[in-house]
Amino acid sequence: MRTISILGATGSIGASTIDLIRRNRDQWKVVALTANSNAEELAALALELSAEIAVVADESRLPALQSLLFQSHIATAGGATALTEAASRPADVTVAAIVGCAGLAPTMAAIEQGKTVALANKEALVSAGDVMMQAVARCRTTLLPVDSEHNAIFQCLSGNDPAHVRMITLTASGGPFLDWSAEQLAAATPAQAVKHPNWDMGAKISVDSATMFNKGLELIEAWHLFPVGLDKLRIVVHPQSVVHSMVEYRDGSTLAQLGPSDMRVPIASVLAWPARMDTPCAPLDLAALGELTFRAPDEVRFPATKLARQAAEAGGAMPAVLNAANEVAVAAFLAGKLPFTGIVQQVEATMARYSPTAPQSLGDVIEIDAEARRIAALFLEPACGG
Ligand code: NAD
Ligand code: MG
């Protein structure tokens with residue numbers, strides 16, 4: 001029996017993880033479950049899974065959580081500090097599935113345990129970069145990628161020396177606007193952006209898929225996770241989302257990982273790693289799929305991947321600035337305050353305005369993130385022209 005904490009238990013990755021835990025209740029003991037504000041769903045999950053502690057990040061929701069769990073033995077807490085404390089509770093595996101840089105401090109607390117962290121929260125790694133990877137090395141933490149592309153690459157690298165890698169190819173579905181014209185993109189609505197053709201995901205990552213910032217963040221994520229260098233990372237558009245990524249070796253062999261577009265596959269691979277476990281996911285039926293297609297990304301209509309590569313090349317704090325500006329822009333777009341094409345413009349403008357020195361600590365990253373958000377928000381004010 002292993003112990004597990006799920007940070008972001010009420011989200012899309014949280015739900016997929018819990019689905020797998022439910023099917024294997026005898027193998028897992030649940031330590032901490034966390035949510036932003038949905039106390040009702042969090043309480044129901046905590047009761048069902050007999051969690052040790054349930055934590056809401058939004059402190060105003062703590063009384064609701066307490067009254068829902070009043071007659072149970074489940075501890076409750078609220079607020080950002082409580083979230084990080086919960087992530088420090090000993091657990092063999094922590095699934096880091098909070099969305100955005102809000103997940104950084106709790107993910108770092110889980111890393112400090114020196115156990116296993118299953119990382120879905122890509123924004124945390126993009127922002128903290130070397131600060132996180134140095135903590136992973138120092139604490140001898142096993143960091144297992146949940147993001148389907150990185151999980152695919154991790155599997156394709158297994159048993160091979162990264163020194164023999166010629167190229168890593170991240171596949172991108174291209175999102176819901178793959179074939180849209182520049183004029184159509186300018187008028188894209190939040191409802192259209194969150195409707196991903198292949199994956200059922202949270203709103204923020206769905207918008208990131210539509211702008212291609214998701215692939216940009218993933219490029220930076222891969223650059224930190226796999227020691228091959230930025231020049232050996234490329235992106236190819238693959239609208240069917242069946243090949244989740246590929247590794248090409250010096251001898252001309254390319255290894256790929258394929259699977260259904262169901263996050264329970266990569267989550268199962270990290271929960272069972274280095275073994276394997278069953279999932280209820282439908283097997284791939286390649287004959288029914290008929291064909292798999294690939295094409296080069298269009299960085300004119302979708303400049304986000306180019307910006308992300310520039311941020312990685314600039315290094316230091318620039319990926320954190322890019323991420324923070326994107327989080328602000330996506331929230332503004334979802335709130336109807338920014339056009340779709342304004343997202344990339346706002347990120348580019350923030351990167352041009354703010355280039356702090358490289359962070360040395362978690363505190364530095366949090367400060368840079370906050371300042372980048374403040375600057376990005378300035379571009380939303382009417383005086384700045386939106
Ligand atoms: P989601 O919006 O469905 O869920 C996010 C979770 O984080 C929820 O439990 C929410 O309550 C919690 N949360 C949100 N804001 C918070 C805050 N300020 N403080 C504390 N908790 C907060 O998102 P998701 O789609 O599950 O994605 C989670 C992470 O996994 C993201 O970083 C995303 O990029 C990554 N990811 C998701 C998928 C996917 O298929 N959904 C695939 C790959 C990677
Ligand atoms: Mg992905």
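Visitor: Which residues does S245 contact, leaving aside its neighbours within four places in sequence?
Guide: S245 is in contact with E149, A152, I153, C156, T169, L170, T171, L255, A256 and Q257, with neighbours within four places in sequence left aside. Contact here means heavy atoms within 4.5 Å.

Visitor: What should I know before we go on?
Guide: This is a predicted model, where local features need pLDDT of at least 70 and side-chain atom pairs count only at pLDDT 80 or more, while totals for chains, interfaces and linings use all residues. Residues are numbered from 1 along each chain as its sequence is written, chains are lettered from A and ligands numbered from 1 in the order in which they are written, and side-chain values use heavy atoms, with hydrogens and water left out.

Visitor: Why does S245 count as buried?
Guide: Buried means under 20% relative accessible area, exposed means over 50%, and partly exposed is in between (1.4 Å probe, protein chains only). S245 has 0% relative accessibility, so it counts as buried. S245 sits in strand 10, residues 243-249. As for the names, helices (H or I, at least four residues) and strands (E, at least two) are DSSP runs, numbered from the N terminus.

Visitor: What lies 3.4 Å from a polar atom of the side chain of S245?
Guide: That's the backbone oxygen of T169. A polar contact is a pair of N or O atoms within 3.5 Å; within protein, one must be able to donate a hydrogen and the other to accept it, and residues adjacent in sequence count only if both atoms are side-chain atoms.

Visitor: Is Q346 buried or exposed, and how do you know?
Guide: Its relative accessibility is 3%, so Q346 counts as buried. Q346 belongs to helix 17. A polar atom of the Q346 side chain is 2.8 Å from the backbone oxygen of A376. The contacts of Q346, leaving aside neighbours within four places in sequence, include A325, V328, L338 and F379.

Visitor: How do you know that the buried residues of helix 15 line one face?
Guide: Start with the list: in helix 15 (residues 304-314), A304, T305, L307, A308, A311 and A312 are buried. Looking down the helix axis, these buried residues fall within an arc of 160 degrees, so they line one face of helix 15. The arc is that of the directions from the helix axis to the C-beta atoms.

Visitor: What makes helix 1 mostly covered?
Guide: Eight of its 11 residues are buried. Among them are I13, G14, S16 and T17. The buried residues of helix 1 pack against strand 1 (2-7), strand 2 (28-35), helix 2 (39-49), strand 5 and helix 13 (264-272).

Visitor: How many residues surround ligand 1?
Guide: 23 residues do, and the closest are T10, S12, N36, E123 and G202. To count, a residue needs one of its heavy atoms within 4 Å of the molecule. The shell divides into 13 nonpolar, seven polar and three charged residues. Ala, Val, Leu, Ile, Met, Phe, Trp, Tyr, Cys and Pro count as nonpolar, Asp, Glu, Lys and Arg as charged, and the others, Gly among them, as polar.

Visitor: Which backbone N or O atom lies 2.9 Å from an oxygen atom of ligand 1?
Guide: One of I13. For A120, a backbone N or O atom is 3.4 Å from an oxygen atom of ligand 1. Taken alone, ligand 1 exposes 830 Å², and the protein buries 86% of that. Such areas come from the Shrake-Rupley method with a 1.4 Å probe; for residues, only the protein chains shown count as cover.

Visitor: How do R140 and M212 come out, buried or exposed?
Guide: R140 has a relative accessible area of 73%, so it is exposed. M212 has 6%, so it is buried. Phi of R140 is positive, near 50 degrees, in a residue other than glycine. M212, also not a glycine, has a positive phi of about 80 degrees.

Visitor: What joins W273 and P274?
Guide: A cis peptide bond, with omega about 5 degrees. P274 is in the loop between helix 13 and helix 14 (286-289).
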